[in-house]
Amino acid sequence: MPASYKFIARRKNLVSLLQQKGITTPLVLNAIGSVPRELFMNSSLIELAYEDKAYPIAGGQTISQPYTVARQTELLDLNGGEKVLEIGTGSGYQSAVLCACGCHVYSVERQRVLYEQTSSLLRELQYDAMCVYGDGYEGWPQYAPYDRILVTAGCHELPVALLKQLSVGGLMVIPFGKDNELRMIRIRRTSENEYEREDFGDCAFVPMLKGVQ
Ligand code: SAH
């Protein structure tokens, strides 16, 4: 059986598993069902691509667990077509899932090695994400405002620049809190100066670090 068939079958099983774990949004399930996670993994780990786990990538970082990617994407409450700023390009898997949801994706990464590898991988795979090397605490002001902002690293303090770059009516999903007590938070910008916050429970992420590397 060609390797790609094997991965197609495993990808289908992953989608079923995510449904069992409570992911219900068709846009998100279809996106996970279409993105070849094996191509975003460290090459020695591709057999594990459809385990629902995070794995190491370059730069001491991780490719997020599929459930986490699905959950964060679901919390963005997308219709498709939104302009989304992602903080933490990492492996590029989450960026690809957002592209597959029909979003216009802007992604910031603070590690040069990951920025370089991943922006060229996304291009090669024809995922139309705009990538930049920079500190996500500053966002990406050039293209602001964004309909959605997705932070994929754990934050101790709410990045003020990101709050400002969110459009009125927009949503930001951000793992926020102290190191071992991160909560999945969703912030809605309700007016120029007002924000509402919802808490979706515990989560685990690599830390969001200041500056570039
Ligand atoms: N979205 C990624 C998750 C990668 S892990 C994926 O699907 O694979 C989190 C990523 O956030 C890492 O690549 C890390 O280098 C990056 N990161 C941490 N702090 C950051 C910051 N201040 N600005 C931009 N990226 C940051």
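## Close-up views of the model

**View 1. Helix α2 passes helix α4 in a right-handed crossing.** Here, a crossing is called left-handed if the near helix is turned anticlockwise from the far one by less than a right angle, and right-handed if clockwise. Helices (H or I, at least four residues) and strands (E, at least two) are DSSP runs, numbered from the N terminus. Before going further, please note that this is a predicted model, in which local features need pLDDT of at least 70 and side-chain atom pairs count only at pLDDT 80 or more, while totals for chains, interfaces and linings use all residues. Residues are numbered from 1 along each chain as its sequence is written, and side-chain values use heavy atoms, with hydrogens and water left out.

**View 2. The axes of α2 and α4 come within 8 Å of each other.** Look for α2 at residues 26-34 and α4 at residues 93-100; their axes cross at roughly 125°. That angle makes α2 oblique to α4. Angles under 35 degrees count as roughly parallel, over 145 as roughly antiparallel, 65 to 115 as roughly perpendicular and the rest as oblique. The axes are lines fitted to C-alpha atoms, for helices over the stretch in contact, and angles run from 0 to 180 degrees between N-to-C directions. Which residues meet here? From α2 come Ala 31, Ile 32 and Ser 34, and from α4 come Tyr 93, Val 97 and Ala 100. By class, the residues of this contact are five nonpolar, one polar and no charged. Contact means heavy atoms within 4.5 Å. As for the classes, Ala, Val, Leu, Ile, Met, Phe, Trp, Tyr, Cys and Pro count as nonpolar, Asp, Glu, Lys and Arg as charged, and the others, Gly among them, as polar.

**View 3. Val 28, Leu 29, Ala 31 and Ile 32 are buried in α2.** Seen down the axis of α2, these buried residues fall within an arc of 160°, so they line one face of the helix. The arc is that of the directions from the helix axis to the C-beta atoms. Turn to the other side of α2 and you will find Pro 26 and Asn 30, which are exposed. Buried means under 20% relative accessible area, exposed over 50%, and partly exposed in between (1.4 Å probe, protein chains only).

**View 4. Helix α3 is largely enclosed by the rest of the structure, because eight of its 10 residues are buried.** These are Pro 66, Thr 68, Val 69, Ala 70, Gln 72, Thr 73, Glu 74 and Leu 75. Thr 73 has a relative accessible area of 1%. Not counting residues up to four places away in sequence, Thr 73 touches Val 28, Leu 78, Gln 94, Val 97, Leu 98 and Cys 101.

**View 5. Helix α3 packs against α4 at an angle of about 45°.** Their axes are 11 Å apart, and the two helices are oblique to each other. As α3 passes α4, the crossing is right-handed. Sorted by class, the contact has four nonpolar, three polar and no charged residues.

View 6. Asp 77 sits in the loop between α3 (66-75) and β3 (83-87); its phi is near 55°, a positive value in a residue other than glycine. At 46% relative accessibility, Asp 77 is partly exposed. Gln 126, in the loop between α5 (112-124) and β5, also has a positive phi, near 65°. Is Gln 126 buried or exposed? Its relative accessibility is 71%, so Gln 126 counts as exposed. Finally, find Pro 145 in the loop between β5 (130-133) and β6 (146-151), where a cis peptide bond joins Ala 144 and Pro 145, with omega about 0°.

**View 7. Ser 107 lies in strand β4 (residues 104-109).** Its relative accessibility is 0%, so Ser 107 counts as buried. The C-alpha atoms of Ser 107 and Thr 89 are separated by 5.6 Å, although these residues are 18 residues apart along the chain. Leaving out residues up to four places away in sequence, Ser 107 touches Glu 86, Gly 88, Thr 89, Ser 95, Met 130, Cys 131, Val 132 and Trp 140.
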